[in-house]
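Visitor: Please put the model on screen. I would like to go through it by question and answer.

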Amino acid sequence: MRKDVRILLVGEPKVGKTSLIMTLVSEEFPDEVPLRAEEITIPADVTPERVPTHIVDYSEAEQSDEQLFQEISKANVICIVYSVNNKKSIDKVTSHWIPLINDRTDKDSRVPLILVGNKSDLVEHSSMETILPIMNQYSEIETCVECSAKNLKNISELFYYAQKAVLHPTGPLYCPEEKEIKPACAKALTRIFKVSDLDNDGILNDNELNFFQRTCFNTPLAPQALEDVKNVVRKNMTDGVRDNGLTLKGFLFLHTLFIQRGRHETTWTVLRRFGYDDDLELTQEYLFPPLKIPPDCTTELNHNAYLFLQSVFDKHDKDRDCALSPDELKDLFRVFPYMPWGPDVNSTVCTSDQGWITYQGYLSQWTLTTYLDVQRCLEYLGYLGYSIICEQESQAAAITVTRDKKIDLQKKQTQRNVFCCNVFGASGSGKSGFLQAFLGRNLVRQKTIREDHRSYYAISTTYVYGQEKYLLLHEVFPDSEFLSDADLCCDVVCLVYDISNPSSFEFCADIFKRYFMDSKTPCMVIAAKSDLHEVKQHYSQSPLEFCKRHKIPPPQSFTCNTADAPNKDIYTKLTTMAMYPHVTQADLKSSNFWLRASVGATVFAVLGFAMYRALLKQR
């Protein structure tokens, strides 16, 4: 909502502009009225909306046209004052004042106008018959108020309506000609309905309506009040209530009714609670709450965020197959202004046999977004209404900022759950195959992926000592002469060479010696395409000799040319190295070390699957 409100009073001389202002301030009609009142500021604590209000007077006798134009450009709302007993001042509203103001304001963001009929104490009739056609002609006119400075009639109401016209404008919400809410307003309210429909059944039941009411207005609705609301909708439309719950049509009708009855502050309260500004766009403050991330720290989703995302998945997985079909995914992202996930996501995370994103793949993609681009993650959570549904101050509450990696190394332990592995190798060495194998895809399945749908990332879970962790593989392009800090910043390095290509290992050796030989980042060499005939590498040392000399684990054989899903032991090893970078090379060569890590992983994986099946039965 606006930080303050600036009200300008204009009109013909002697209509009582200055008297209105002075009467408001002193609460009595002034004996002497100056040509123009000084600008006054009403403090926030004495206004109904708790917003400071500046009231500005205009005097033709004291001010130039240029000064008038400047005041018009600064005003948030303009009161055009006329005298109810002076026809000429009424005619001037349309012949002079409205055209003058419209010429000085942008057509797409017209300043709201209030028509003020002063001196109602001097006549017995109302000017409303004359004014109503004018109101119908100009949509920027918010309302008309008849008042009397002399009798103190409707003075505070006049300034309240002016303030309300700024803080709760009708213009963005409602089209008086069509007698219905505008498309942008309907779109915003539709998103709000979908976010509030916690079970995604297309209706707001009593619990959801009460949660919505409490969220927006800090008070639940009494059972009778709930029934009254639904009865109003039932009387006016046939499909507004279904199964004793409010449908989207009924929800939109209710807001149309609020606006038509002059209660648009109700609709604005809802819109602002869900993050919208005066232009019905989600605010930057709502989408991107402040989040401080010191250097060498990473970002992860916390437990509550995963619970929320699980509930979002469950609400859209209609057929309970633990995967999101294209239609289910489209429905999930209907609260977004655009489709955030492209076809490359399907080759970044685990998918079902139909190629649909699985439950695990869905959480993995969210984990990836949080790690790589936390601002984007905050934005996405904002669209889903995380802070509202989880009753948090902002989406920033969903994020854990990990401690500095240097502290992890000093303490020889980490609390992190996501580890990044950068994968290097010459063109054709098998890097892409290595990434896709992590997602359970053998060579046959990999060949079905379209080239323009390929991803340079793969993320999934691994288990180390019984702990579930995310490993993020990032394929780094080999054709760049210079590696950026982002290419070098990771928890573990994977150097992939093709055992059937004699020139393949030289690239790995060169990358290691140039960038990682003196770093503390653990490295692993992958002897890829191990199903093919191995040839001697055109390098001064064999891969095994190179690894021994530089005290890194021996080359690990790997192939994705298998009948079933490729073996995943190698990814557990990589995650273990990332988790324990301080472990000595002697330990890494020890079979007992890997055995301890992988046995814990197997036990946990079996238990995890059993628990997951139990959860499915409950669902």
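The questions below go through a core, a helix, some side chains and the cysteines.

Guide: This is a predicted model, so local features need pLDDT of at least 70 and side-chain atom pairs count only at pLDDT 80 or more, while totals for chains, interfaces and linings use all residues. Residues are numbered from 1 along each chain as its sequence is written, and side-chain values use heavy atoms, with hydrogens and water left out.

Visitor: Which residues touch the most other members of the largest nonpolar core?
Guide: A nonpolar core is a set of buried Ala, Val, Leu, Ile, Met, Phe, Trp, Tyr and Cys residues joined through side-chain atoms within 4.5 Å. Buried means under 20% relative accessible area, exposed over 50%, partly exposed in between (1.4 Å probe, protein chains only). The largest such core has 95 residues, and the two touching the most other members are Y362 and W366.

Visitor: What is W366 in contact with, leaving aside neighbours within four places in sequence?
Guide: Contact means heavy atoms within 4.5 Å. With those neighbours set aside, the partners of W366 are L301, L309, W341, C377, Y380, L381 and L384.

Visitor: How far apart are the end C-alpha atoms of helix α9?
Guide: Helices (H or I, at least four residues) and strands (E, at least two) are DSSP runs, numbered from the N terminus. The expected span is 1.5 Å times one less than the number of residues. Helix α9 has 13 residues, 248-260, so it should span 18 Å; the distance between its end C-alpha atoms agrees, at 18 Å.

Visitor: Which residue just after α9 takes a positive phi?
Guide: Look just past the end of the helix. Phi is about 80° there, at G262.

Visitor: Is R6 buried or exposed?
Guide: R6 lies in strand β1, residues 5-11. Its relative accessibility is 13%, so R6 counts as buried.

Visitor: Which side chain makes a polar contact of 3.2 Å with that of R6?
Guide: A polar contact is a pair of N or O atoms within 3.5 Å; within protein, one must be able to donate a hydrogen and the other to accept it, and residues adjacent in sequence count only if both atoms are side-chain atoms. R6 touches several residues beyond four places in sequence, including H54, E71 and K74. The side chain joined to R6 at 3.2 Å is that of E39.

Visitor: Which backbone oxygen does the side chain of W268 reach?
Guide: W268 sits in helix α10, residues 264-273. At 0% relative accessibility, W268 counts as buried. Its contacts outside four places in sequence include L167, P172 and D277. At 2.7 Å, its side chain reaches the backbone oxygen of P169.

Visitor: How many disulfides does a search of the whole structure find?
Guide: A disulfide is a covalent bond between the sulfur atoms of two cysteines. The cut-off here is a pair of cysteine sulfur atoms within 2.5 Å. Searching the whole structure gives a count of 0.

Visitor: Which cysteine sulfur is nearest to that of C144?
Guide: C144 is in no disulfide. Its relative accessibility is 12%, so C144 counts as buried. The nearest cysteine sulfur is 9.1 Å away, in C147.

Visitor: How far is the sulfur of C547 from the closest cysteine sulfur?
Guide: C547 counts as buried, at 1% relative accessibility. The closest cysteine sulfur is in C508, too far for a bond, at 9.5 Å.
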